[in-house]
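Colleague: I would like to learn how to read a model like this one. Please take me through it feature by feature.

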Amino acid sequence: SFEELHPACLFSYFVAVMVLFFLCHHPLAMVLACACALFFLYNIEGRRAFSWCKWMLPVVLFIAVVNPLLNHRGVTRLFKLGNQWITLEAFGYGLTSGLSMAAIILWFACYQKVMTNDKFLYLFGKIAPSSALLITMAWNYIPDLTKKMKEIRDSQKMLKGTEEERGWKQILSRTKDALQTVTVLLGWSLENVVEQADSMKARGYGLRKRTTFHLFRFESGDRKFMLLLLLLGGSCIAGRCLGYGTMEFYPRMDSIVNGAGDILFYLVFMAFMWLPGLMEWKEELLWRSYD
């Protein structure tokens, strides 16, 4: 499956995805990127992957609506709001920007599911040990704080029992509990940082002669994936250099697809974005049909 590939393959793929995001500012490309990311998350998490749509859709619509209210460029007028015209070009640019933001967030979620801390440390632990450790700690900081905060609140509820307070006493009690939670959480986080730093130093982390144990091997499947990555990703970048995969919005918005070259480019782009989801889906089918 995709998540069992070598860390170098995984990191190279996500870097190529981010490069294409910055190069291709086109609504069709962003729709394909969002759909492929959701398909990949669905194969990993199941129906929980669609929970992202509950707050991603409002963000996309918000950006698509706010942009024409602030930006009145464009020649295709839709309607007049007050003294300003709402143009199709401004709405299309806002919608594309919202889809681009949604696609980046979804693919970062895919990255977090696949690229674990041990894989990241394996790649950059010897090159930049301090920076690699700092980045991995930052990735885990918010989830660890959320988990610890839940533990503190559960402990406070157990200590209080079933007594109910109302009125101003309830407000004072909640304020006191919140202050205690923040105090305990800050103390725990500072103590945890000191203990982790001492532990890593005692284990010799960052020393050049220190050896590390890992289970990652660059095998034939990884080589095939890298060749496919270079073929599809290189084709997308070459197509973008030739003028495909972009769209002019001002002063007049271009058509979404212009000729057979655009169709071929987006087919290759879709195959490149669909690659992780297809690999996970294929693995799931083989697992279910195995006899």
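Colleague: At what angle do the axes of helix α1 and helix α5 cross?

Modeller: First, the ground rules. This is a predicted model, in which local features need pLDDT of at least 70 and side-chain atom pairs count only at pLDDT 80 or more, while totals for chains, interfaces and linings use all residues. Residues are numbered from 1 along each chain as its sequence is written, and side-chain values use heavy atoms, with hydrogens and water left out.

Now the general idea: two packed helices are described by the angle between their axes and the distance between the axes. The axes are lines fitted to C-alpha atoms, for helices over the stretch in contact, with angles from 0 to 180 degrees between N-to-C directions. Here, α1 (residues 7-23) and α5 (residues 117-124) have axes that cross at roughly 95° and come within 9 Å.

Colleague: Which residues in α1 and α5 meet?

Modeller: Contact means heavy atoms within 4.5 Å. From α1 come P7, A8, L10 and F11, and they meet K119, F120, Y122, L123 and F124 in α5. By class, this contact has eight nonpolar residues, one charged and no polar. Ala, Val, Leu, Ile, Met, Phe, Trp, Tyr, Cys and Pro count as nonpolar, Asp, Glu, Lys and Arg as charged, and the others, Gly among them, as polar.

Colleague: What does E3 touch?

Modeller: E3 lies in the segment before α1. Leaving out residues up to four places away in sequence, E3 touches L10, V114, K119 and E280. With a relative accessibility of 30%, E3 counts as partly exposed; buried means under 20% relative accessible area, exposed over 50%, and partly exposed in between (1.4 Å probe, protein chains only).

Colleague: How many disulfides does a search of the whole structure find?

Modeller: A disulfide is a pair of cysteine sulfur atoms within 2.5 Å. The search finds zero. For C110, the closest cysteine sulfur is in C36, 9.8 Å away, which is too far for a bond. C110 is buried, at 0% relative accessible area, and C34 also counts as buried, at 11%.

Colleague: How many helices and strands does the chain have?

Modeller: Helices (H or I, at least four residues) and strands (E, at least two) are DSSP runs, numbered from the N terminus. The chain has nine helices and two strands, in the order α-α-α-β-β-α-α-α-α-α-α. Of its 291 residues, 33% are buried.
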